[in-house]
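Have the sequence and the 3D view open as you read.

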Amino acid sequence: MTTARHKTSTTTGRVAATSRNHTPAGSGARGGAESVDPAELPVRPGEDPWTAAEVAELHAELHDELERLRAEIEAAEAAITGLMRDSNDGAGDDQVDAGTKNINRESELALANNARDSLAQAERALARLEGVGFGVCESCGQAVGKARLQAFPRATLCVSCKSKQERR
């Protein structure tokens, strides 16, 4: 049984419209970290501008995260396949055994779905870094902040907009 999740977006259209024109991550319009001009990346008032080394580090971190998440998804899918196969072999299982198998299966499905969501976010962040819109808040259009992006490269909202979103 597969479950589909639908996400809603609260973008203003200004940044979202430009980010839809990207090529998939890894085949960016500019060709990778070396072709990203650090001067084009926005920073908040009081922050130092991006350097080429910081952009390269961010790019490498996103690539590493993509690889890690793909491996995590593959492992979770293998575990789910094993759990589904084992669920048919329940002869002699009592209610506790059946319940444990269900909990394990649901847990693996949740882990796989979370990893898929994180993978999509990382791919989108890499495409934005290689294209247009990286570091721009999708809600208000202001800079997300260099420190925030260094801590969480997949961030698409500034701290203010993210806190507003979480209050809802």
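Predicted model: local features only at pLDDT ≥ 70, side-chain atom pairs only at ≥ 80, totals over all residues.

Is Glu 61 buried or partly exposed? With a relative accessible area of 31%, Glu 61 is partly exposed.

What does Glu 65 touch, apart from its neighbours within four places in sequence? Its contacts are Ala 122 and Arg 154. With Arg 154, Glu 65 also forms a salt bridge, in which the closest N and O atoms are 3.4 Å apart. Since Glu 65 belongs to helix H2 and Arg 154 to the loop between H4 and helix H5 (159-167), the pair ties together parts that are 89 residues apart in sequence. Both partners, Glu 65 and Arg 154, are buried.

How many salt bridges does the structure hold? There are seven. Another one of them joins Glu 54 to Lys 146, with 2.8 Å between the closest N and O atoms. This pair links distant parts of the chain, as Glu 54 is in helix H2 and Lys 146 is in helix H4 (residues 146-151), 92 residues apart. The two partners can be described one by one: Glu 54 is partly exposed, at 22% relative accessible area, whereas Lys 146 is buried, at 8%.

A further salt bridge pairs Arg 128 with Glu 138, whose closest N and O atoms are 2.5 Å apart. Arg 128 is part of helix H3 (residues 95-130) and Glu 138 is in the loop between H3 and H4, so this pair ties together parts that are 10 residues apart in sequence. Arg 128 and Glu 138 are both buried. If you look for Arg 124 as well, you will find a network of salt bridges that links Arg 124, Arg 128 and Glu 138.

Where does Leu 41 lie? The answer is the loop between helix H1 (14-19) and helix H2 (52-87). Although Leu 41 is in a loop, its relative accessible area is 10%, so Leu 41 is buried. Beyond its neighbours within four places in sequence, Leu 41 is in contact with Val 36, Trp 50, Val 55, Leu 129 and Phe 134. Take Val 55 from that list: Val 55 and Leu 41 are 14 residues apart in sequence, and their C-alpha atoms are 9.2 Å apart in space.

Finally, step back to the whole protein. Which elements build it, and how many? The protein has five helices and zero strands, giving the pattern α-α-α-α-α along the sequence. Of its 168 residues, 31% are buried. Among contacts between residues at least 6 apart in sequence, 66% join residues at least 24 apart. The protein exposes about 10300 Å², and 52% of that area comes from carbon and sulfur atoms.

Technical notes:
Residues numbered from 1 in each chain as written. Heavy atoms only, no water. Helix = DSSP H or I, 4+ residues; strand = E, 2+ residues; numbered from the N terminus. Buried < 20%, exposed > 50% of the residue type's maximum accessible area, 1.4 Å probe, protein only. Contact = heavy atoms within 4.5 Å. Areas by Shrake-Rupley, 256 points an atom, 1.4 Å probe, with all protein chains shown as cover. Salt bridge = Lys/Arg side-chain N within 4 Å of Asp/Glu carboxyl O.
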